[in-house]
Amino acid sequence: MWALILHGGAKEIEPDKADFSRAGCKAALVAGRDILMQGGSAIDAVEAALRVLEDDPTFNCGFGSALHEAGQVEMCSGIMNGATFDVGAVSVIEGVRHPISVAKAMLSEEVILLSGPGARKFAADNGQELCDPADLIVGERPGAHDTVGCVALDSHGLLVAGTSTGGLDGTKVGRVGDAPMPGCGYYADNAVGAVALSGDGEHIARMMLAARIMRGLEHGDPDSAIQTALAQLTMIGGEAGAIALTPDGRFGWMHTSRDFVVAMASSAAPEPHVYLNQTESTR
């Protein structure tokens with residue numbers, strides 16, 4: 001049994017951008033799904049899916065990331081292994097092509113998160129693809145999405161969660177949101193499930209929303225766990241979307257943002273299913 005679900009960000013998607021969002025998420029899903037179908041690792045599947053989104057300027061990660069107040073790109077990414085509880089994360093990293101791959105390389109390190117120039121030095125020292133920071137800037141993005149995320153279950157029972165983001169337009173230099181912080185923007189535990197979020201990063205971090213969803217997964221179904229956590233976030237004025245996956249392959253996803261494009265597939269239903277929002281999924 002294997003399963004994979006990913007999202008392209010919790011934001012309002014303009015009608016003329018919707019097809020870009022669907023196509024990008026479907027392509028990312030196929031990249032991760034194909035690894036799982038061949039018996040590959042959930043770690044590799046999550047990385048492959050998020051690399052596709054990082055290459056697509058429709059999404060706010062990698063190429064096409066948001067620009068901070070000084071007009072540059074700073075990115076964050078995180079990934080977690082649900083068997084070992086290893087975490088790899090980078091924040092405010094510049095000049096790398098695929099932040100998720102740098103985060104994945106961090107999984108074997110003693111420290112769990114590197115930031116700024118130190119994160120880029122780690123990337124260079126470990127053979128990750130570097131680039132001129134200006135190469136990540138595009139004139140006009142096809143969409144204005146938030147953090148992207150992916151969770152996967154492989155045929156060996158490993159659960160993995162990952163995120164990638166280009167931050168917020170016009171934000172302060174050096175800003176770190178929820179995306180690279182385990183327990184906030186993502187988490188994975190083989191015995192409980194895996195979750196990845198997108199939305200108002202500071203509010204998500206304040207509420208440690210991934211941890212709240214994980215606690216809900218211990219006692220209920222994934223949709224209920226997400227719904228309860230999002231209601232708690234709403235109480236402090238935040239909005240978000242979340243995806244979750246249980247050890248037995250059950251999906252969960254909900255959002256309080258207007259849109260939250262999601263794609264999913266599993267060994268029971270390997271053809272991609274892509275939805276712009278929950279209203280679309282129930283039609």
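Is Asp 19 buried or exposed? I looked this up before anything else. Asp 19 is exposed, at 56% relative accessibility (buried is under 20% relative accessible area, exposed over 50%, partly exposed in between, with a 1.4 Å probe and protein chains only).

**Ground rules.** I am working on a predicted model, where local features need pLDDT of at least 70 and side-chain atom pairs count only at pLDDT 80 or more, while totals for chains, interfaces and linings use all residues. Residues are numbered from 1 along each chain as its sequence is written, and side-chain values use heavy atoms, with hydrogens and water left out.

**Salt bridges.** I got 12 salt bridges in the structure (a side-chain nitrogen of Lys or Arg within 4 Å of a carboxyl oxygen of Asp or Glu). Asp 19 is in one of them, with Arg 22 as its partner and 3.4 Å between the closest N and O atoms. The two sit 3 residues apart in helix 1 (residues 18-37), so about one helical turn separates them (helices are DSSP runs of H or I, at least four residues, and strands are runs of E, at least two, numbered from the N terminus). Arg 22 is partly exposed, at 24% relative accessible area.

Next I checked Arg 33, which forms a salt bridge with Asp 34 at 3.1 Å between the closest N and O atoms. Arg 33 is buried, with a relative accessible area of 12%, whereas Asp 34 is partly exposed at 30%.

Then I went to Asp 55 and Arg 97, whose side chains meet in a salt bridge of 3.4 Å, N to O. This pair links distant parts of the chain, 42 residues apart: Asp 55 is in helix 2 (residues 42-55), and Arg 97 is in the loop between strand 3 (87-93) and helix 3 (99-105). I have Asp 55 as partly exposed at 38% relative accessible area and Arg 97 as buried at 18% relative accessibility.

I also found a network of salt bridges linking Glu 12, Arg 258 and Asp 259. Asp 259 belongs to strand 11 (residues 259-266) and is buried, with a relative accessible area of 2%.

**A buried Asp without a partner.** Which side chain of opposite charge is nearest to Asp 154? I get Lys 104, 11 Å away; Asp 154 is buried yet has no salt bridge (Lys and Arg count as positive, Asp and Glu as negative; His and the chain ends are not counted). Asp 154 sits in the loop between strand 5 (148-153) and strand 6 (159-165). A polar atom of the Asp 154 side chain lies 2.9 Å from the backbone nitrogen of Ala 42.

**Cavities.** My search of the whole structure gave 2 cavities of 30 Å³ or more. On a 1 Å grid over the protein atoms alone, a cavity is a set of points where a 1.4 Å probe fits but cannot get out, and lining residues have an atom within 4 Å of a point.

I count 13 lining residues for the largest cavity, with Glu 74, Gly 166, Gly 167, Thr 171 and Arg 175 nearest its centre. Its lining splits into 6 nonpolar, 4 polar and 3 charged residues.

The second largest cavity holds about 70 Å³ of space. I noted 13 lining residues for this one, with Thr 147, Thr 165, Arg 175, Gly 177 and Asp 178 nearest its centre. The classes here are 4 nonpolar, 6 polar and 3 charged (Ala, Val, Leu, Ile, Met, Phe, Trp, Tyr, Cys and Pro are nonpolar, Asp, Glu, Lys and Arg charged, and the others, Gly among them, polar).

Methods
On a 1 Å grid over the protein atoms alone, a cavity is a set of points where a 1.4 Å probe fits but cannot get out, and a pocket is an open set with protein on both sides within 12 Å along at least five of seven lines; lining residues have an atom within 4 Å of a point. Grid points are joined across faces, edges and corners, and a volume is the space filled by probe spheres set on the points. A polar contact is a pair of N or O atoms within 3.5 Å; within protein, one must be able to donate a hydrogen and the other to accept it, and residues adjacent in sequence count only if both atoms are side-chain atoms.
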